[in-house]
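Here is a brisk report on selected features of one protein chain. Keep the sequence and the 3D view at hand while reading.

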Amino acid sequence: MMKAESGKRGAFMESGKLEELRHIARGIAAQFGPNCEVVVHDLSQHPDHTIVAIENGHVSGRKVGDGASNVVLERMEHQDQEAQDHLSYLTRTPDGKVLKSSTIYIQNSRGKVTAILAINFDISALMMAAGAVRLTTSIGETPAMPESRIRPPASGEDMRPRPAAIMAR
């Protein structure tokens with residue numbers, strides 16, 4: 001958990017930590033590319049307008065000035081409880097994208113959560129690719145190449161490709 005400097009309403013932005021979080025958000029988004037959305041929420045703002053910085057907002061369709069997600073709203077409801085970062089969990093966007101997400105709570109010097117850094121990585125294409133690899137490499141489950149047609153090489157058999165002239169004999 002990161003600590004911000006002030007506890008009074010709106011002072012989070014004045015402390016310079018907002019610029020620091022924006023800088024971190026840009027770095028994370030640059031490292032992981034266009035499928036990685038990074039959001040900075042300022043919890044001193046109205047719940048309908050907590051997003052003060054966002055990189056790759058196309059992932060979720062959100063923008064600066066938009067409201068909090070359910071995760072952020074839940075955090076705001078439980079301000080008195082100890083903030084626990086929520087790391088590496090799956091969420092789904094309204095349009096069906098699967099996101100691997102992490103939510104990091106930023107506290108002021110008195111321990112009050114004043115901001116949230118959220119990372120949402122769209123893993124939809126990776127999940128489709130993993131499924132295609134599983135289907136392509138599965139044995140005995142696909143009718144394209146029955147296992148009975150695949151035989152291990154005989155002892156000493158040369159498995160290198162053969163020129164067409166030799167194969168035609």
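Helix H2 covers residues 17-32, 16 residues in total. At 1.5 Å a residue it should span 22 Å, and its end C-alpha atoms are 23 Å apart, so the two values agree. The model is a predicted one.

Which residues of H2 are buried? They are Lys17, Leu18, Leu21, Ala25, Ile28 and Ala29. These residues cover an arc of only 110° around the axis, so they sit on the same side of H2. The face turned away from that buried side carries His23, Ala30 and Gln31, which are exposed. After H2 comes Gly33, with a positive phi near 85°.

**Strand E3 and its surroundings**

Strand E3 spans residues 51-55. Four of its five residues are buried, so E3 is largely enclosed by the rest of the structure. Strand E2, residues 36-42, runs antiparallel to E3, and four bridges join the two. In one of these pairings, Val40 has Ala53 of E3 as its bridge partner.

Val64 belongs to the loop between E3 and helix H3, the latter made of residues 70-77. Is Val64 buried or exposed? Its relative accessibility is 51%, and the cut-off for exposed is over 50%, so Val64 counts as exposed. Val64 still touches Ile51, Val52, Ala53 and Ile54, leaving aside residues up to four places away in sequence. The C-alpha atoms of Val64 and Val52 are separated by 5.2 Å, although the two residues are 12 apart along the chain.

Most residues other than glycine have a negative phi. Asn56 is not a glycine, yet its phi is positive, about 55°. Ser88 is likewise not a glycine and has a positive phi of about 55°. Asn56 lies in the loop between E3 and H3. Ser88 lies in strand E4, residues 86-92.

| Residue | Relative accessibility | Class |
|---|---|---|
| Val64 | 51% | exposed |
| Ser88 | 46% | partly exposed |
| Asn56 | 22% | partly exposed |
| Asn108 | 0% | buried |

**A buried loop residue**

Where is Asn108? It is in the loop between strand E5 (98-107) and strand E6 (113-122). With 0% relative accessibility, Asn108 counts as buried. What does its side chain reach? The Asn108 side chain reaches the backbone nitrogen of Arg110, at 2.9 Å.

Methods. Residues numbered from 1 in each chain as written. Predicted model: local features only at pLDDT ≥ 70, side-chain atom pairs only at ≥ 80, totals over all residues. Heavy atoms only, no water. Expected span 1.5 Å × (residues − 1). Buried < 20%, exposed > 50% of the residue type's maximum accessible area, 1.4 Å probe, protein only. Arc of directions from axis to C-beta. Contact = heavy atoms within 4.5 Å. Pairing = 2+ DSSP bridges. Polar contact = N/O pair within 3.5 Å; in protein donor to acceptor, adjacent residues only side chain to side chain.
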